[in-house]
Amino acid sequence: MYPNKIRYDIAMLVPKDAKSVLEIGAGSGKNCVIYPKDSYKVAIEPENRTDCQTAENFPGGFNEYHHVLYEDYKEDRKFDLIVMCDVLEHVNDPVDLINFCKDHLTPEGHILLSLPNFICVENILKIVLTRDFRYVKVDQGERALGVLDINHKTFWTKKSFIRFAKENGLEVERIVGIRKQLKFMPNILAHLSYIPFQYGFLTKIKK
């Protein structure tokens, strides 16, 4: 249910001048192609994979792979860009993860993240029509939109993340709406609350 694919749907949010990138939950590292070619790329991926896109085996791949949870990453390096694709909803303490990111940002750095939209029309209709709220166990092969994955600790909407960001010292600079059927979503649809399946957010520390 969580295939390793290149997230072209958030590529437009990647700052072109980022000299260093940290991706948390990088998987096999295929997103390396959407980051600036000459940037220094570091991956945090808890699973000890054998298919990692490292600089040794893939042009422009990750320079470092750390197979640890973010709490166990002890390097003192600062990054121009920190990326989390569908990660924040899986952690027990989103505030702690955001604070970790802020501690590892350069002064003008950005945090880029994607989150499932709880109030996407498919999810709301499913709950209303079935009059049921049922988690889906994707690790047992059940098919789902991803919004109600039983491994999700928190649920998000565009409005709730903007509020969360503000409360935790972040400023949201850009937002894109995402649908799994579309590589790029028309702007007129991207800002409707019930249409995007996910949202991508580009944030920075509020001055």
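I started my notebook with glutamate 71, which I found in the loop between strand S3 (64–66) and strand S4 (79–85). I keep in mind that this is a predicted model.

**Glutamate 71 and its patch.** I looked up the exposure of glutamate 71 and got a relative accessible area of 40%, so I call this residue partly exposed. On the surface, Glu71 gathers with Asp72, Asp93 and Asp96 in a patch of negative charge.

**Phenylalanine 58.** My next stop was the loop between strand S2 (40–44) and S3, where phenylalanine 58 lies. Its relative accessibility is 26%, so phenylalanine 58 counts as partly exposed. Leaving out residues up to four places away in sequence, I see phenylalanine 58 touching Cys32, Val33 and Gln53. I also checked phenylalanine 58 against alanine 26: they are 32 residues apart in sequence, and their C-alpha atoms are 15 Å apart in space.

**Two positive phi angles.** A reminder to myself: most residues other than glycine have a negative phi. Aspartate 86 is not a glycine, yet I read a positive phi of about 55° there. I placed aspartate 86 in the loop between S4 and helix H1 (94–103). Is aspartate 86 buried or exposed? With 17% relative accessibility, aspartate 86 counts as buried, because the cut-off for buried is under 20%.

Arginine 131 is another residue other than glycine with a positive phi, near 50°. I found arginine 131 in the loop between helix H2 (121–130) and helix H3 (158–167). Here the relative accessible area is 77%, so arginine 131 is exposed.

**Salt bridges.** How many salt bridges does a search of the whole structure find? I noted eight, and I looked at some of them.

- The side chains of arginine 179 and glutamate 122 meet at 2.4 Å, N to O. Arginine 179 lies in the loop between strand S6 (170–178) and helix H4 (187–190) and glutamate 122 in helix H2, so this pair ties together parts 57 residues apart in sequence. Arginine 179 counts as buried at 14%, and glutamate 122 as partly exposed at 25%.
- Glutamate 173 pairs with lysine 204, with the closest N and O atoms 3.2 Å apart. Glutamate 173 is in strand S6 and lysine 204 in strand S7 (residues 198–205), so they tie together parts 31 residues apart in sequence. I have glutamate 173 as partly exposed at 35% and lysine 204 as partly exposed at 23%.
- Glutamate 47 bridges to arginine 49, the closest N and O atoms being 3.8 Å apart. Glutamate 47 is partly exposed at 48%, while arginine 49 is buried at 18%.

How values were computed:
Residues are numbered from 1 along each chain as its sequence is written. This is a predicted model: local features need pLDDT of at least 70, side-chain atom pairs count only at pLDDT 80 or more; totals for chains, interfaces and linings use all residues. Side-chain values use heavy atoms; hydrogens and water are left out. Patches are made of residues with over 30% relative accessible area and no salt bridge: like charges are joined within 9 Å, nonpolar side chains (Val, Leu, Ile, Met, Phe, Trp, Tyr) within 5 Å. Accessible areas come from the Shrake-Rupley method with a 1.4 Å probe; for residues, only the protein chains shown count as cover. A salt bridge is a side-chain nitrogen of Lys or Arg within 4 Å of a carboxyl oxygen of Asp or Glu. Lys and Arg count as positive and Asp and Glu as negative; His and the chain ends are not counted. The place of a charge is taken as NZ of Lys, CZ of Arg, CG of Asp or CD of Glu. Helices (H or I, at least four residues) and strands (E, at least two) are DSSP runs, numbered from the N terminus. Buried means under 20% relative accessible area, exposed over 50%, partly exposed in between (1.4 Å probe, protein chains only). Contact means heavy atoms within 4.5 Å.
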